[in-house]
Amino acid sequence: MATKEVAFNGREVIASKSPFLKKTASLVLPKDEHVRKKRKTSFEAEAKPQLILENLGKCEFTPSAPEIISHNDLKLKIKRNSVDTNHESNGTAKLNGASDIKKKKKKHKDHHHHHHNHEEEKNFNDQDYSIRLNPKEKTRLSHLIHTEVDANGGASVLHVYSDEIAGLREEKLQKFVKLFFREVFAEKSEGVPKNVMGVVHNAVSYLPELVKYFGVNHPNLVVKVSSLYKKSDLETLKMEEFLERVQSSYACGTYRSGPLMQFSLVGTVQEESGGYFPEFLDLLEQCLFLKETMPWGSFSALNLSDRNRSNDGPILWVRPGEQVVPTAESKSPYKKRRIGVNELQNLQYLPRASEPREILAEDRTRCHADHVGHGFDRHTTAAVGILKAVHFEETPSANRNCKDVVCFSAENFNFLAQKLQLDLHEPPAQQCVGWVDDAKLNQLRREGVKYSKLLLRDNDIYFIPRNIIHQFRTVTACTSMAWHLRYKNYYPEVKETEQTVEP
């Protein structure tokens, strides 16, 4: 490259190459000694091809190092393109600092990304993920309670996840249980709860599969089994025989056998089926949420000396799950009665075209409200339930959906009782004759009725306050347990007597 001639105040000419080249240029200094002493020159014979910034050995910087000419006119301009030792340390610190910040940010971002993916993989449910991001309050233990407001229905449900409270100490857990039930059964006004349901997810995962448990441990227990195709047909079996039927017909979450009618776990009265199973009741009470809300628990208004004196349950029943069954697989195929008076009508009868090829086996409990008492003393009460999926294969990695639930707000209790023609003095399964589908829900919502629609899964515990009308549809085969809770706050006279006895 051609050299450049640089003039210093018109005195001498310095033959030099471009200052950004690697080779050293010849430099002619001024003649005067005092100027020569005053203007100290410093330049390097050969520029280093690479300049490595040594700060923890993390960053490398490799620019070409130009010579430095100490002259007032060119000092700043040339030094801007050079690298000094002070600039090395400062630049290195800045570069390393920036890189550390970027690495920390990236690491923090990766941590959050991994954390969110872990949550999604653990729960296998986007709905749960969105509910977890909405805690009730971010104070003390309240942040572990999550509120879900139905986007269509407008009613609210409280959720608690067992993995979030697993690290609580026993004292903290007891406080949290009291806090949770205070929120679940809280009321805006007398008889009007704020929430339609409270759910503790995966809280009874320690319980065994219940059909197998009772079939093996109590094989001679006499139970009643309904028909899958005609519910009015009842059959009396031993629990061992029912277990064999379920095992032989079970596949992929459902079984093709009749549902097991409810039987008592706290002793029988008159024609009831069941028995008293103290060992199993002890197993249930290992969960603090269940222990406090049993009919004889600390939140109950009843003072029962023995558990087998309870008239409010628990009871247990098994459902196969709603499904479509081919008529060829049924033991008693559906046969349509031939309706004909003369031969002309008999010619119109085409069995192949008129008889159904498959039957819808509904598994639904229509709208009802839980009541206790009889006659004029009959009134609504709270209810507690447990869901355990039926499975005879390996334990599934994710909890299966078991129940499709619709709960209506207590604000509309009287309106719904008239609109749905509920007979509140009948048992729960017979209070309503119609099923409320999505079209009916939309109609009721237009009339101001609030509701919440949700899915309950395997190992869930649910708590329903009083005056909540609800319906269930069994999605897959599951065992259910339920009982009534005469919550203390629903009986002010009991609360007053306790306060007088305490002093």
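The predicted model of the protein comprises 15 helices and 24 strands. Of its 503 residues, 41% count as buried. Among contacts in the protein with a separation of 6 or more, 71% are made by residues 24 or more positions apart. The accessible surface amounts to about 30000 Å², and carbon and sulfur atoms contribute 49% of this area.

Helix H6, which spans residues 170–184, contains 15 residues. The distance from its first C-alpha to its last is 21 Å, close to the 21 Å expected at 1.5 Å a residue. The buried residues of H6 are Phe 176, Val 177, Leu 179, Phe 180, Phe 181, Glu 183 and Val 184. These buried residues pack against three strands, namely E4 (156–161), E7 (197–201) and E22 (461–464). They also pack against the helices H5 (162–165) and H10 (288–293).

In soluble globular proteins, nonpolar side chains tend to be buried together. The largest nonpolar core of the present model consists of 65 residues, and Phe 180, Phe 289 and Phe 463 have the most contacts inside it. Helix H6 supplies the largest share of this core, with 6 residues. A second, separate core is formed by 21 residues, including Val 157, Cys 402, Phe 472 and Cys 478. With residues up to four places away in sequence left out of the count, Phe 289 touches Phe 176, Val 177, Phe 180 and Phe 181, as well as Ile 165, Val 200 and Phe 463.

Strand E21 (residues 451–457) is largely enclosed by the rest of the structure, because 5 of its 7 residues are buried. This strand pairs with E20 (residues 401–408) in the antiparallel sense, over 7 bridges. Within the pairing, Leu 454 of E21 is the bridge partner of Val 405. In a regular strand the side chains alternate between the two faces of the sheet.

Val 149 lies in strand E3 (residues 146–149). With a relative accessibility of 52%, Val 149 lies over the 50% cut-off and therefore counts as exposed. Its contacts, leaving aside neighbours within four places in sequence, are with Gly 154, Ala 155 and Ser 156. The C-alpha atom of Val 149 is separated by 9.8 Å from that of Lys 453, although the two residues are 304 residues apart along the chain.

Ser 227 occupies the loop between strand E8 (222–226) and strand E9 (234–238). Residues up to four places away in sequence aside, Ser 227 touches Asp 233, Gly 258 and Pro 259. A separation of 10.0 Å is found between the C-alpha atoms of Ser 227 and Arg 256, which are 29 residues apart along the chain.

The structure holds 0 disulfides. Cys 432 is in no disulfide, and the nearest cysteine sulfur, belonging to Cys 367, is 5.2 Å away. Cys 432 has a relative accessibility of 6%, under the 20% cut-off, and so counts as buried. Cys 252, by contrast, is exposed, with a relative accessible area of 76%.

Several features of the backbone concern residues in loops. The peptide bond that leads from Gly 313 to Pro 314 is cis, with omega near 10°. Pro 314 is placed in the loop between H10 and strand E13 (315–319). A positive phi, of about 55°, occurs at Asn 202, although this residue is not a glycine. Asn 202 belongs to the loop between E7 and helix H7 (210–217). Its relative accessibility is 30%, so Asn 202 counts as partly exposed.

Asn 467 likewise has a positive phi without being glycine, in this case near 65°. The position of Asn 467 is in the loop between E22 and strand E23 (470–474). Because its relative accessible area is 16%, under the limit of 20%, Asn 467 is classed as buried.

Key. Residues numbered from 1 in each chain as written. Predicted model: local features only at pLDDT ≥ 70, side-chain atom pairs only at ≥ 80, totals over all residues. Heavy atoms only, no water. Helix = DSSP H or I, 4+ residues; strand = E, 2+ residues; numbered from the N terminus. Buried < 20%, exposed > 50% of the residue type's maximum accessible area, 1.4 Å probe, protein only. Contact = heavy atoms within 4.5 Å. Areas by Shrake-Rupley, 256 points an atom, 1.4 Å probe, with all protein chains shown as cover. Expected span 1.5 Å × (residues − 1). Core = buried A, V, L, I, M, F, W, Y, C linked by side-chain atoms within 4.5 Å. Pairing = 2+ DSSP bridges. Disulfide = S-S within 2.5 Å.
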